[in-house]
Amino acid sequence: MRARRDLWGAVLCAIGAVGSYAGGVLTEPGQWVDVHLFGWAQRLHVGLVGDALPSLARRVLPAVMAIVALGCGFRSLVQGRARLVIQCLALVVGSTSLCWLLREHVLGRPYYGDQYSYLHNTFPSTHVALVVSLCAAVWLLARPTSRSLSLSLALVLVVVLALLGNVVGHAHRPSDVLGSLLVVAACALLVRWRDSPPSSGSGRLP
């Protein structure tokens, strides 16, 4: 049952990522909403907290989460869970590379006028993909008994800071970070689906 939920969750996240691009980037009304949400987010750029958010999201968090994920991966190797470590490594490298490939070589951004600012495509964000995928890897590498509320809240906080920091720092629009989040979520759910033990009626494809 969990495997089926993971698979359908991955499909829904992938559809959501496509929808966020189609709605927020391809259409003029979507770009209008995106630019207004972007402007609203700039109100957070006040004082020391606002000034620190961009650097925190694009420099500090990727490095910190990489160290944490490496530690969790090493512990999992010692515990004999090499297959899961390889899957999590593939998750981080694969989802981040996929976002870069989509942004640089596949997707485009229609021009609807200077009022929508960016002339080049910024969807999706690789910085967000890296941080979110590292958070997902830490969660997947943690044993079920170690997935405490405090760990969940800490990882959610890191994700939120990564999303906000990339928008507040003028690096990405809201649709960009939302798309990255959904791409990584789809990949993470696929990893968990593949790691689920086979069982009758699990929904696992052959």
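**Note on helix packing, burial and cysteines**

1. Gly-19 is partly exposed, with a relative accessible area of 39%. Buried means under 20% relative accessible area, exposed means over 50%, and partly exposed lies in between, for a 1.4 Å probe and protein chains only. Gly-19 sits in helix H1. Helices here are DSSP runs of H or I with at least four residues, strands are E runs of at least two, and both are numbered from the N terminus.

2. This is a predicted model: local features need pLDDT of at least 70, side-chain atom pairs count only at pLDDT 80 or more, and totals for chains, interfaces and linings use all residues. Residues are numbered from 1 along each chain as its sequence is written, and side-chain values use heavy atoms, with hydrogens and water left out.

3. Helix H1 covers residues 2-26. Its 25 residues should span 36 Å at 1.5 Å a residue, and the end C-alpha atoms are 35 Å apart, so the two values agree. The expected span is 1.5 Å times one less than the number of residues. Buried residues of H1 include Ala-3, Asp-6, Leu-7, Cys-13, Tyr-21 and Val-25. Two glycines, Gly-9 and Gly-24, are also on that buried list. Helix H2 (28-41) and H7 are among the elements that cover these residues.

4. Helix H4 runs over residues 82-106. It has 25 residues and reaches 33 Å from first C-alpha to last, close to the expected 36 Å. Its buried residues are Leu-84, Val-85, Gln-87, Cys-88, Leu-91, Val-92, Ser-95, Thr-96, Cys-99 and Arg-103. Note the two cysteines, Cys-88 and Cys-99, in that set.

5. How many disulfides does the model have? The count is zero, where a disulfide is a pair of cysteine sulfur atoms within 2.5 Å. Cys-72 is in none, as its nearest cysteine sulfur, that of Cys-88, is 9.4 Å away. Cys-187 is also in no disulfide, and the nearest cysteine sulfur to it belongs to Cys-99, 7.5 Å away. Is Cys-72 buried or exposed? At 13% relative accessibility, Cys-72 counts as buried.

6. Helix H6 (residues 149-168) and helix H7 (residues 174-195) pack at about 150°, with axes 9 Å apart. Axes are lines fitted to C-alpha atoms, for helices over the stretch in contact, and angles run from 0 to 180 degrees between N-to-C directions. H6 and H7 are therefore roughly antiparallel. Angles under 35 degrees count as roughly parallel, over 145 as roughly antiparallel, 65 to 115 as roughly perpendicular, and the rest as oblique. The crossing of H6 and H7 is right-handed. A crossing is right-handed if the near helix is turned clockwise from the far one by less than a right angle, and left-handed if anticlockwise. Val-159, Leu-163, Asn-166 and Val-167 of H6 meet Pro-174, Val-177 and Leu-181 of H7, with contact meaning heavy atoms within 4.5 Å.

7. The 20 residues of H6 should span 28 Å, and its end C-alpha atoms are 28 Å apart, so the values agree. Val-159, Leu-163, Asn-166 and Val-167 are among the buried residues of H6. Just after H6, His-170 takes a positive phi of about 65°. His-170 is not a glycine. It lies in the loop between H6 and H7 and is partly exposed at 46% relative accessibility.

8. H5 also packs on H7, at an angle of about 30° and with axes 9 Å apart. That makes H5 roughly parallel to H7. The crossing is right-handed. On the H5 side the contact includes Val-128, Val-132 and Leu-140, and on the H7 side it includes Val-177, Leu-181 and Arg-192. Val-177 and Leu-181 also meet H6.

9. Leu-130 is in helix H5 (residues 126-141). It is partly exposed, with a relative accessible area of 29%. Leaving aside residues up to four places away in sequence, Leu-130 touches Pro-62, Val-92 and Thr-96. Val-92 and Thr-96 are buried residues of H4. The C-alpha atoms of Leu-130 and Ala-66 are 9.0 Å apart, across 64 residues of chain.

10. The bond from Phe-123 to Pro-124 is cis, with omega near -5°. Pro-124 is in the loop between H4 and H5.
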